[in-house]
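This report is meant for someone meeting the structure for the first time. Please keep the sequence and the model in view while reading.

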Amino acid sequence: MSKRYVDLSLTIVPSGKYSMVPRDEIWGQEEVATSIASISKPNEWPMHKFEMSTESFTHVHVPANLYKDGWTNEKVPTEMFFGEAVLFDMSHKRELEPVTAADLEATGLVVRPGDMAIVRTDWSDKHWGTAKFWVEMPYLAEDGCDWLMAKGIKAYVSDTYNDSPLAKYGEGGRLEPSGLGSPTHYKFLKANVILVEYVTNLSALKQSRVELVCLPLKLSGVGQSPARVGAIENE
């Protein structure tokens with residue numbers, strides 16, 4: 001049996017505020033632009049200086065992101081980052097439309113304890129790098145989160161922010177806090193369910209059950225880390 005490998009990661013490129021939650025525009029907080037710059041002299045081996053936030057581009061959230069006594073990145077059991085995943089195709093969802101428990105149930109897909117759950121909206125493929133990505137994305141409803149947790153998933157994977165949008169349009173089109181909070185983040189991470197955000201290319205998957213590999217950098221003492229995410233399908 002042959003295998004097919006699909007990269008689900010955004011390419012990390014030098015970028016401004018829309019490669020992470022636009023903290024400055026929403027809350028007046030510091031943002032970190034992604035930079036990749038050569039530090040080599042002519043005729044030396046190439047070497048680069050690389051800077052980014054732990055929440056930019058495709059990345060994971062682990063319990064320490066919200067809970068002081070939760071797993072930090074390097075303490076998450078390795079098996080949490082590998083496993084079978086169920087792909088829920090929600091690409092029909094429109095702007096600000098929730099993915100509900102009824103939506104997930106209606107797919108008829110079987111979710112087993114220990115599975116990862118992937119929700120596809122194609123949002124990152126269409127709107128990554130724009131204000132629209134942050135303001136108008138479809139999102140997982142709280143009852144959808146509860147439904148997945150009742151199934152015993154160990155990771156939730158999405159091509160959006162894994163919750164209701166943090167921003168809305170204010171006066172003059174400027175972004176401001178949505179006031180919606182992040183309820184599913186709190187529920188998932190309290191239950192040690194790992195979150196994988198801003199994957200892309202989910203439309204390339206041909207099957208509803210795949211093997212998923214999520215490899216975050218082993219950064220010490222943090223609650224988030226950039227990650228390379230890929231799927232394996234049997235053909």
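How many residues line the largest pocket, and which of them lie nearest its centre? The lining of the largest pocket is made of 14 residues, and Trp27, Glu55, His61, Tyr161 and Leu166 are those nearest the centre.

The model is a predicted one, in which local features need pLDDT of at least 70 and side-chain atom pairs count only at pLDDT 80 or more, while totals for chains, interfaces and linings use all residues. Residues are numbered from 1 along each chain as its sequence is written, and side-chain values use heavy atoms, with hydrogens and water left out.

## Pockets and the cavity

Rolling a probe the size of a water molecule over the atoms shows where empty space is left. Here a 1 Å grid over the protein atoms alone is used: a cavity is a set of points where a 1.4 Å probe fits but cannot get out, a pocket is an open set with protein on both sides within 12 Å along at least five of seven lines, and lining residues have an atom within 4 Å of a point. Grid points are joined across faces, edges and corners, and a volume is the space filled by probe spheres set on the points. In the table, Ala, Val, Leu, Ile, Met, Phe, Trp, Tyr, Cys and Pro count as nonpolar, Asp, Glu, Lys and Arg as charged, and the others, Gly among them, as polar.

| Space | Volume | Lining residues by class |
|---|---|---|
| Largest pocket | about 290 Å³ | 7 nonpolar, 5 polar, 2 charged |
| Second largest pocket | about 150 Å³ | 6 nonpolar, 2 polar, 2 charged |
| Largest cavity | about 50 Å³ | 7 nonpolar, 4 polar, 1 charged |

Helices (H or I, at least four residues) and strands (E, at least two) are DSSP runs, numbered from the N terminus. Helices α1 (23–27) and α6 each supply at least two residues of the lining of the largest pocket. The second largest pocket has a lining that includes Asn73, Glu74, Phe81, Phe82 and Lys218. When the whole structure is searched, 1 cavity of 30 Å³ or more is found; β8 and β9 each give at least two residues to the lining of the largest cavity, and among its lining residues are Val99, Tyr139, Leu140, Tyr156 and Asp163.

In what follows, buried means under 20% relative accessible area, exposed over 50%, and partly exposed in between, with a 1.4 Å probe and protein chains only. Helix α6 spans residues 183–190, and its buried residues are Thr184, His185, Phe188 and Leu189. Seen down the axis of α6, these residues fall within an arc of 120° (the arc of the directions from the helix axis to the C-beta atoms), so they line one face of the helix. Their cover includes β4 (59–61), β8 (139–140), α5 (142–151), β9 (155–158) and β12 (194–197). Asparagine 192, which follows α6, has a positive phi near 60°.

In α5, the buried residues are Gly144, Cys145, Trp147 and Leu148. They cover an arc of only 160° around the axis, which puts them on the same side of α5. Just after α5 comes glycine 152, with a positive phi of about 85°.

## Residues in the loops

Contact means heavy atoms within 4.5 Å, and a polar contact is a pair of N or O atoms within 3.5 Å, where within protein one must be able to donate a hydrogen and the other to accept it, and residues adjacent in sequence count only if both atoms are side-chain atoms.

Serine 164 sits in the loop between β9 and β10 (167–169) and is buried, with a relative accessible area of 6%. A polar atom of the serine 164 side chain lies 3.2 Å from the backbone oxygen of glycine 181. Not counting residues up to four places away in sequence, serine 164 touches Tyr139, Leu180, Gly181 and Pro183.

Threonine 58, in the loop between β3 (48–51) and β4, is buried at a relative accessible area of 2%, and its side chain reaches the backbone oxygen of tyrosine 198 at 2.8 Å.

Asparagine 73, which lies in the loop between β4 and β5 (82–89), counts as buried at 4% relative accessibility.

Is alanine 33 buried or partly exposed? Alanine 33, in the loop between α1 and β2 (35–38), is partly exposed, with a relative accessible area of 42%.
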